[in-house]
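Please keep the sequence and the model in view while reading.

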Amino acid sequence: MCGVIGMVGCGPVNQSLYDGLTVLQHRGQDAAGIMTYDQGRLYLRKSNGLVRDVFRTQHMLQLQGNVGIGHVRYPTAGCASSAEAQPFYVNSPYGISLAHNGNLTNAEQIKRDLYLEDLRHINTNSDSEILLNVFAHELGEMRKLHIDEKDIFNAVEGVQRRCRGGFAAVAMINGYGVVSFRDSYGIRPLCFGRRDTEEGTEYMIASESVALDVLGFERIRDVAPGEAVFIDLEGNLHTRQCAENPVLAPCIFEYVYLARPDSIMDDVSVYKSRLRMGRMLARKIMREWADHDIDVIIPVPDTSRTAALDMAYELGVTYREGFIKNRYIGRTFIMPGQSVRKKSVRQKLNPIELEFRGKNVLLVDDSVVRGTTSQQIIQMTREVGANKVYFASAAPPVRHPNVYGIDMPAAHELLAHGRDEATIAEVIGADRVIYQDLDDLMTAVREGNEALERFDCSCFDGEYITGDVTDAYLQELEMVRSDDAKQQTGQGAAANLDRALGRAD
């Protein structure tokens, strides 16, 4: 997962882009970058690290111009080198830079075609560079000294024809403006908004609406599946559908975990959808375990709090905060190796003993992927005196890898792969495990927008919405995603970090 942002303003955009990226920091902590355009010149700063560490005063002063794009990266392909930080840039045609969130499922085929047919060299292992070169080639095929919005949209149509997978991108074309586009299924999120100033109207595009909110932009709407949105240098907004058969089927894991709760995605409040997830899970408990003996419900900070709160209310059970989180420890999935991840959990969370001792505790988390974190949290809960420890997940069992931009591990490393709930409970040391039903999860999200008839639920049900994911593709993916494979690359922590799990609990 990554975060993208783009802006056409009436004044310098460097500070707005920086502020927007800090709000999107949860979508990527590996690297950050901003590129701006001013009077024919480009200015770039990108490097590994958090937004606050990548940009210093001298960098901000150098990022001149009223137009720019930005990116925060969590790597799902390539390596953890700063050479693969975004935005990427090609000088022909016109000079184009691009920032991308997602993953192309036919990246290797396109890479071959770009070399053999389009005579374009790809310098990194990132499919974002591939996407940029496809767009650049399609735009170059216009063979024009000057282009307009129709030419840009025609180029995006070419991207939609050639590229498969989940992607949301913002691209800056020197001398023309900023264009954004979303895959034909709308798997990865993207929205845009406007802000009226004394100098005129400014537009911003971002992965999540919260970036618009904090900067005073009024959210207009989400970019539709297959749609392109172009803002020219004069501040004019142009839109066009560029895919032949667009279908709205967003990644449901965005609502479960990835997105900030204060975001609106495809007209659904992420916060309210998580409240409904908790309510649905409570109703499942009442259906299947009416005589439960739960004394207290305690969330695993932070993402599960919303679901746990409504779950406790629905069940009529006491809700308590039982873990204090150290804000200065990175998220566990960022850690380079499994042993480091295990060590970091105890550094990150500390239990409040009086909330656990002698009680039957239901721990609630948003999802369980590897089970590493869950196992240690349950052990901590027992060590501080809990009588029984139950574990609930606001999401269904994760049994399949995600191929659209969330770099989950090899299938055999997923806790729920090939295991039923009783076995999972035994593995993580819980007295009982309760998972959300997939139909209930979809209902929880869909209640916010009845037009959401489909979702990409591939990590739960193994059905890949794009229809081009084969067993052979998944096997190749597993060869590079497993912990063993990463350790055998000889690249040490950088290689492990490169393909680290989207969430390693």
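At roughly what angle do the axes of helix α4 and helix α5 cross? The axes of α4 (residues 107–116) and α5 (residues 127–140) come within 10 Å and cross at roughly 50 degrees. That makes α4 oblique to α5; angles under 35 degrees count as roughly parallel, over 145 as roughly antiparallel, 65 to 115 as roughly perpendicular and the rest as oblique.

The model is predicted: local features need pLDDT of at least 70, side-chain atom pairs count only at pLDDT 80 or more, and totals for chains, interfaces and linings use all residues. Residues are numbered from 1 along each chain as its sequence is written, and side-chain values use heavy atoms, with hydrogens and water left out. Helices (H or I, at least four residues) and strands (E, at least two) are DSSP runs, numbered from the N terminus. Axes are lines fitted to C-alpha atoms, for helices over the stretch in contact, and angles run from 0 to 180 degrees between N-to-C directions.

**Helix pairs**

The crossing of α4 and α5 is left-handed (the near helix is turned anticlockwise from the far one by less than a right angle; clockwise would be right-handed). Ala107, Ile110, Lys111 and Leu114 of α4 make the contact with Asp127, Ile130, Asn133 and Val134 of α5, where contact means heavy atoms within 4.5 Å.

A second pair is formed by helix α9 (residues 270–288) and helix α14 (residues 438–446), which pack at an angle of about 145 degrees with their axes 8 Å apart. The crossing of α9 and α14 is right-handed. Here Ser273, Arg276, Met277, Met280 and Arg287 in α9 meet Asp440, Leu441, Thr443, Ala444 and Val445 in α14.

The table gives the contact residues by class (Ala, Val, Leu, Ile, Met, Phe, Trp, Tyr, Cys and Pro count as nonpolar, Asp, Glu, Lys and Arg as charged, and the others, Gly among them, as polar).

| Contact | Residues by class |
|---|---|
| α4 with α5 | 5 nonpolar residues, 1 polar residue, 2 charged residues |
| α9 with α14 | 5 nonpolar residues, 2 polar residues, 3 charged residues |

**Sheets**

Strands of a sheet pair through backbone hydrogen bonds, either parallel or antiparallel. Two strands pair if DSSP finds at least two bridges between them. An open sheet of 6 strands has the order β5-β6-β7-β8-β12-β13, with antiparallel pairing. Because β5 and β13 (237–241) stand at the edges, each with a single partner strand, one side of each is left without a neighbour in the sheet. From one strand to the next, the twist averages 20 degrees. Within this sheet, strand β7 (residues 165–173) and strand β8 (residues 177–182) pair over 6 bridges, and Met172 stands opposite Val178 in β8. Helix α5 packs on the sheet, touching β5, β6, β7 and β8. Helix α6 (residues 149–162) also packs on the sheet, touching β7, β8, β12 (227–232) and β13.

Another open sheet, of 7 strands, has the order β3-β2-β4-β1-β10-β9-β11, with antiparallel pairing. Its twist averages 15 degrees from one strand to the next. Strand β9 (residues 191–197) and β11 pair over 4 bridges, and Cys191 stands opposite Asp222 in β11.

**Backbone details**

Most residues other than glycine have a negative phi, and most peptide bonds are trans. Tyr94, however, has a positive phi of about 70 degrees. The peptide bond from Gln86 to Pro87 is cis, with omega near 10 degrees, and Pro87 lies in the loop between β4 (67–73) and β5 (88–90).
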